[in-house]
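The sequence and structure come first, and the notes follow by topic.

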Amino acid sequence: MTEQPLSHNHDDTTRPLRPAILSGLRGKCPACEKGPLFARFLKPAKSCAGCGEALDGHEADDFPAYIVILLLGHILVPVMIEVNHAFDIPLLWQSIIWPVMALLLAVAMIQPTKGAVIGLQWARRMHGFAAALPEEKDAAPLRR
Ligand SMILES: [Zn+2]
């Protein structure tokens with residue numbers, strides 16, 4: 001008995017995962033790694049200015065925010081504990097410093113994280129990127 005592939009369309013070699021995620025982290029198009037991925041801060045461009053690849057097929061939704069919250073907790077809490085061990089900072093100052101630090105880190109991390117999620121979805125042909133396969137261009141895109 002021969003093993004049947006799950007789908008004949010899964011060609012991961014044409015869309016390598018690691019370069020796509022790294023391009024997204026840098027805010028670049030996952031296809032050509034040159035054109036800008038974002039038109040505005042968190043608004044991806046409809047298509048790449050460099051290669052014309054459609055970039056509006058992502059469904060990142062809240063996933064980048066969940067990743068940022070998870071990472072932020074793992075970065076900020078140990079720093080808070082270490083700083084409190086090393087210095088005697090008044091509680092009033094801490095109630096200002098830590099929320100501001102959390103806000104600045106979240107703003108700094110959200111765009112690269114969203115870019116990485118879009119790169120992941122592009123590389124794995126998820127959601128709207130599934131219709132980019134040549135043999136599926138005429139078919140209706142898969143929707144939930
Ligand atoms: Zn491109």
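**Alanine 20**

Alanine 20 is classed as buried because 24 C-beta neighbours lie inside 10 Å, and the cut-off for that class is 20 or more. The model is predicted.

Surroundings of alanine 20

- Alanine 20 is part of helix 1.
- Its C-alpha lies 4.7 Å from the C-alpha of glycine 119, although alanine 20 and glycine 119 are 99 residues apart in sequence.
- Leaving out residues up to four places away in sequence, alanine 20 touches Arg15, Pro30, Gly119, Leu120, Trp122 and Ala123.

The chain as a whole

- The protein chain contains three helices and zero strands, in the order α-α-α from the N terminus on.
- Of the 144 residues in the protein chain, 19% are buried.
- Taking contacts between residues at least 6 apart in sequence, 54% join residues that are at least 24 apart.

Helix 3: geometry

- Helix 3 covers residues 91-123, which is 33 residues.
- From its first C-alpha to its last, helix 3 reaches 47 Å, close to the 48 Å expected at 1.5 Å a residue.
- There is a bend of about 30 degrees in helix 3 at isoleucine 110, and proline 112 follows within four residues.
- After helix 3 comes arginine 125, with a positive phi near 55 degrees.

Helix 3: burial

- The buried residues in helix 3 are Thr113, Lys114, Gly115, Ala116, Val117, Ile118, Gly119, Gln121, Trp122 and Ala123.
- Helix 1 (17-25) and helix 2 (63-86) are included in what covers the buried residues of helix 3.

The largest nonpolar core

- The largest nonpolar core holds 13 residues, and those with the most contacts inside it are Cys29, Leu37, Cys48, Leu55, Val117, Ile118 and Trp122.
- Helix 3 supplies five residues to this core, the largest share.
- Isoleucine 118, one of the core residues with the most contacts, touches Gly24, Pro30, Leu37, Pro44, His58 and Ala60 when residues up to four places away in sequence are not counted.
- Trp122 is also named among the core residues with the most contacts, and Trp122 is one of the residues that alanine 20 touches.
- Pro30 is in the contact list of alanine 20 and in that of isoleucine 118.

Key. Residues are numbered from 1 along each chain as its sequence is written. This is a predicted model: local features need pLDDT of at least 70, side-chain atom pairs count only at pLDDT 80 or more; totals for chains, interfaces and linings use all residues. Helices (H or I, at least four residues) and strands (E, at least two) are DSSP runs, numbered from the N terminus. The expected span of a helix is 1.5 Å times one less than its number of residues. The bend at a residue is the angle between axes fitted to the seven residues ending there and the seven starting there. A residue is buried if 20 or more other C-beta atoms lie within 10 Å of its own, exposed if 12 or fewer, and partly exposed in between; C-beta atoms are placed from the backbone. Two residues are in contact if their C-beta atoms, placed from the backbone, lie within 7 Å. A nonpolar core is a set of buried Ala, Val, Leu, Ile, Met, Phe, Trp, Tyr and Cys residues joined through C-beta atoms within 7 Å.
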